[in-house]
Every structure is written in structure tokens, then in C-alpha cells.
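Here's a quick briefing to read with the model open. Have a look at the chain first, then go through the notes below.

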Amino acid sequence: MASKNDPFEFRDFDETGDLLIPSNDAVTISIEDEDLKPKRARSDVGFTQDAADEEPLIGDDREELLAGKKKSAPFWTFEYYQKFFDIETHHVKERILGSMVPWPGKNFIQVYLRKNPDLYGPFWICTTLVFVIAISGNVSNFLVHFGNPDFKYTPEFRKVSIAATAIFSYAWLVPLGLWGLLLWRSNKILNLVSYSFMEIVCVYGYSLSVYIPAVVLWIIQYEWLRWLSIAVALCLSGSVLVMTFWPALRDDHPKVVIATVSAILLLNALLAVGFKMYFFSQPGPGSVPVSVPVTKTTNGTSS
């Protein structure tokens, strides 16, 4: 049989006013009492507060973070690169548009990256460009020989590996060399602006996005249109690179500035022109191979 002082016993109240009468057996909570904590209510009904429940967030990670001693993961682990793929979709769109439509005086790193470089956008831009070049090159080769009964179309899958090697080497090795140069020059001249390696990789990756629509236009069998699209893509991509790295170069020696800017533009041009000459250098549709008649010699007589 339940005791009369049992706090868990259900009771019937005849009048609503009785709820406001203080009782020794009930726990009264005041809304205006700011110092009252949930642990008081639990202790009143017989529960003890666990020490781990008071501060569930206290731990080694929190103490290291508050003390500024949180160690980052090594660069050879997946945890180190995971943060570079944590980015919103609208940020990727803004960076792609910013790389395609550069504005004078706007630094791509300061305006769009804001100390938050990513590898998600550059990775998929490079991957998309690899397949677009390989597919467009095969389609262009098919259109060139379309209607020729002696031509048998065979897909050239080796173009995918060649394009992937060239694009990813350009997107990683060139930023590595530029980062080393800027790091070396910043040690000699202290007032130079310095960029991290991931920021430079991010800029180079997004600067290749303008070549994707340009390569699609290379399917059309007009050389003047191909070279025009190359020139436009080179101007847009090269201007993004130059305006981004100009603050880190302008205070350096003039010879170093000219050599670095020339190398940035030259390597960018070599990539675009190299793709054009290798993947889209088939003969035009007007050039028909001339067949040479073969003469057979039988018993001293030719036929």
C-alpha cells in the first residue's frame, strides 16, 4: 500500500485554487528564480547528479581547443584533407563565376576564398575537363571522317589518361612551384603578401573552369572559332591568375615580377594550345586523301 508521503502517488484536486496553496510534500518552482537548476528538481525526488552530467563537454579536446593547443592532422592523412571538401554548393558557384568573369582590382583569394580554400571545386572541375576534352576529341574525329566509307571509328580511351595526366599535373605541380617561389621571395622581402599552398591550388583549379565551355566549342569544325575560343579562355583564365598573385609580386624586383608573370601566362597558354594541337588536329573535312593506283607486273607486262 502506498504511503501518504509518496511523491509519486496520483492525487485528485477538487479546486483549482488548491494548486496555489504551499504544501510540504510538493516541490514549488518559481519562474523568477534564476538560480534554480534542473539538478535541484532531480535531487528533490531522490536522484543524485552524476559528475559527468554537469559538464558533458569538458574533455581533452575541449581543453586543448580553449587553450589553443589543438593539433591538426598530418597532411598525409584523410582527416587533413576532409576540411577542404566541406563547402556549400552556393560557394562553389560563386567561385566558378568569379573565375570566369574577373573584375579589375578584385583578388580572387580575398574576395571568394576568404581564408577558406577548398578542393571540392578544383577536383571536379579538373575531372570534368578531362572527360570533356577526351569526349570532344573523339566526337570531333568522328565528324571529320563522317561519310568516308574507308574510315572505321574506334574510341580512343588513351586520350582520357593523357588528358588526366596533363591537367592534374598542371593543377598541382605548377602551384607547388609558384608556392615555393613566393615562399622563397617572402623570406627575402618581408613585406610581401604570402599565400598558402592550398589557396594557390584552389585558384588554379577554378581558373580551369573557363576551358570547359571552350572545349565544347572545339567540336565545331571551324578553325577560326577554335582559336577564338582559346584566345578568350586564355584572357579570362590568365587575368584571374595575374590579378590574384599580383599583390604578392608587385613589391619584388622588376625582373622577378616579369619572369613570374610571364611563366604563369606561358604555362597557361601551353596547356590550352597543347590540347588544341593534340586532341583536335585532324585534317579538315575538305581534305580528301588521294589514292595512288597500284600497277601489277605479270610476266614482264604491267596491268
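A salt bridge here is a side-chain nitrogen of Lys or Arg within 4 Å of a carboxyl oxygen of Asp or Glu. With that cut-off, Glu223, Arg226 and Lys276 are linked in a network of salt bridges. Keep in mind that this is a predicted model, where local features need pLDDT of at least 70, side-chain atom pairs count only at pLDDT 80 or more, and totals for chains, interfaces and linings use all residues. Residues are numbered from 1 along each chain as its sequence is written, and side-chain values use heavy atoms, with hydrogens and water left out.

**Overall layout**

- The chain has twelve helices and two strands, taken from DSSP runs (helices are H or I, at least four residues; strands are E, at least two) and numbered from the N terminus.
- In sequence order, the pattern reads α-α-α-α-α-α-α-α-α-α-α-α-β-β.
- Of the 303 residues in the chain, 30% are buried; buried means under 20% relative accessible area, exposed over 50%, and partly exposed in between (1.4 Å probe, protein chains only).
- The chain's accessible surface is about 20,800 Å², and carbon and sulfur atoms hold 63% of that; the areas come from the Shrake-Rupley method with a 1.4 Å probe, and for residues only the protein chains shown count as cover.
- Take the contacts in the chain with a separation of 6 or more: residues 24 or more positions apart account for 74% of them, a contact being heavy atoms within 4.5 Å.

**Confidence**

- The average pLDDT is 76, and 65% of the residues score at least 70; pLDDT is the predictor's confidence in each residue, from 0 to 100.
- Residues 36-43 stay under 50 in pLDDT, and the model gives them five contacts beyond four places in sequence.
- Residues 50-61 are also below 50, with five contacts in the model beyond near neighbours in sequence.
- Where pLDDT is low, the predicted coordinates should not be read in detail.

**Salt bridges**

- Side chains of opposite charge can pair when their charged atoms come close, and this structure holds four salt bridges.
- Arginine 95 pairs with aspartate 118 at 2.3 Å, N to O. Arginine 95 sits in helix H5 (residues 89-100) and aspartate 118 in the loop between helix H6 (108-113) and helix H7 (120-144), so the pair ties together parts that are 23 residues apart in sequence. Arginine 95 and aspartate 118 are both buried.
- Arginine 226 meets glutamate 223 at 3.0 Å, N to O. Arginine 226 and glutamate 223 are about one helical turn apart because they are three residues apart in helix H11 (residues 223-245).
- Lysine 276 also bridges to glutamate 223, with the closest N and O atoms 3.0 Å apart. Lysine 276 is in helix H12 (residues 254-279) and glutamate 223 in helix H11, so this pair ties together parts that are 53 residues apart in sequence.
- Which members of this network are buried? Arginine 226 is, at 2% relative accessibility, and so is lysine 276, with a relative accessible area of 2%; glutamate 223 counts as partly exposed at 37%.

**Nonpolar cores**

- In soluble globular proteins, nonpolar side chains tend to be buried together.
- A nonpolar core is a set of buried Ala, Val, Leu, Ile, Met, Phe, Trp, Tyr and Cys residues joined through side-chain atoms within 4.5 Å.
- The largest one has 47 residues, and those with the most contacts inside it include Leu129, Ile167, Tyr204 and Phe245. H6, H7, helix H8 (158-188), helix H9 (197-207), helix H10 (211-217), H11 and H12 each supply at least two residues of this core.
- Beyond its neighbours within four places in sequence, leucine 182 is in contact with Tyr195, Ile200, Phe245, Ala248 and Leu249.
- There is a second, separate core of five residues, among them Leu119, Phe197, Met198 and Val201.

**Individual residues**

- Asparagine 268 belongs to helix H12 and is buried at 1% relative accessibility. Not counting residues up to four places away in sequence, asparagine 268 touches Tyr170, Tyr211, Leu234, Ser237, Gly238 and Leu241.
- Aspartate 251 is in the loop between H11 and H12 and is partly exposed, with a relative accessible area of 41%. Aspartate 251 and valine 193 are 58 residues apart in sequence, yet 9.1 Å apart in space, C-alpha to C-alpha.
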